[in-house]
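Biologist: I am new to reading models. Could you walk me through some backbone and surface features?

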Amino acid sequence: MKRNKGSREFAEDTARKRDTARRIEMEFGVAAEAYRSDPSKKATRNGALLLQAGATLIVFAVVLGAFYLAASRVDILALGIAALAALAMLSSFHVAQEWERMVVLRMGRFSRIEGPGVFFTIPLLEYCSLRVDQRIMITPFGAEETLTSDLVPLDVDAVLSWMIWNPELACTEVEDCHFAVALAAQTALRDAIGRAPISEVVVRRNQLDQELRTAIEGKVSSWGVTVISVEVRDIIVPADLQETLSLEAQAERRRNSRIMLMEAEKDISELLSEVSELYRDDETALELRRMHLIHEGIHNNGGTVVVPSSYTEGFAGAPGDAGEHAVDGR
């Protein structure tokens, strides 16, 4: 008994850890890392780093060369001065890619935005505090077991497209811009789901996307961030509620079909009423209509129709004949 109890507790603990890991993956987009492309297909900063290292080595070599030309030898003093010059070059020479902007601070205060291309800073007084990528960012986020207004738990997975338009605000107004945007998106998603019943959340996905975009934009605009789009990728309804929602949807469709049938019958009755008014005072038109209906019936079916003799007087040519006549449509 103790062994069975221990194995059951171990299984429950394993399942709880697995659910926790799945919740973290959904809420913070860890699972989306599997969809990322090969790192070799991404743009790198290797060229900029090589250019910066090359400039540093050139300064080091030039200073040593100057000492050698001046004193015909290279001593420890020359090496020290060359190393200091190389360090000064390394700290003042910067390269920003086409999509990058550098936030430069001077003695702890904001100075300017630099980039793209090569730029210089004053050693020891100025430094680059943040390198901002101004390309479009794709951030997956989600909400696990979030209650709707009618207390139904839902799992929602979404994708946020955003970019930084003001590097100064992204550096000075928020500590970690990327993490703050992800948390703001997740909070807005939970609030939007909690304000609507499950039927609106599932059916009106486009409206939910627009509502999320407006809510997230209001939170992150003061950080120098603009939201491009928000798309809900998946809405997972609990398994025990899927059958209930399916039955509700089927009942709603049957109700709509019955209403449409009744409306069609109403229209048909109105048309028949109008037609009866037209034929009421015109017996000849009514007889011709009857003959036309008989002709259509035997022509389409290729069969035989038995009608009273009064309907076939025109065909027989002898008015007043008694009995019934057969009209063959073949």
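Modeller: Gladly! Let us begin with Met 107, which sits in the loop between β2 (100-106) and β3. Helices (H or I, at least four residues) and strands (E, at least two) are DSSP runs, numbered from the N terminus. This is a predicted model: local features need pLDDT of at least 70, side-chain atom pairs count only at pLDDT 80 or more, and totals for chains, interfaces and linings use all residues. Residues are numbered from 1 along each chain as its sequence is written, and side-chain values use heavy atoms, with hydrogens and water left out.

Biologist: What phi does Met 107 have?

Modeller: First, the general idea: most residues other than glycine have a negative phi, and most peptide bonds are trans. Met 107 is not a glycine, yet its phi is positive, about 50 degrees.

Biologist: Is Met 107 buried or exposed?

Modeller: Buried means under 20% relative accessible area, exposed over 50%, and partly exposed in between (1.4 Å probe, protein chains only). Met 107 is exposed, as its relative accessible area is 64%.

Biologist: Where does Ser 72 lie, and what is its phi?

Modeller: Ser 72 belongs to the loop between α2 (46-71) and α3 (76-92). Ser 72 is not a glycine either, but has a positive phi of about 60 degrees. Ser 72 is exposed, at 57% relative accessible area.

Biologist: Which residues does a cis peptide bond join?

Modeller: Gly 115 and Pro 116 are joined by a cis peptide bond, with omega about 0 degrees. Look for Pro 116 in the loop between β3 (109-114) and β4 (117-120).
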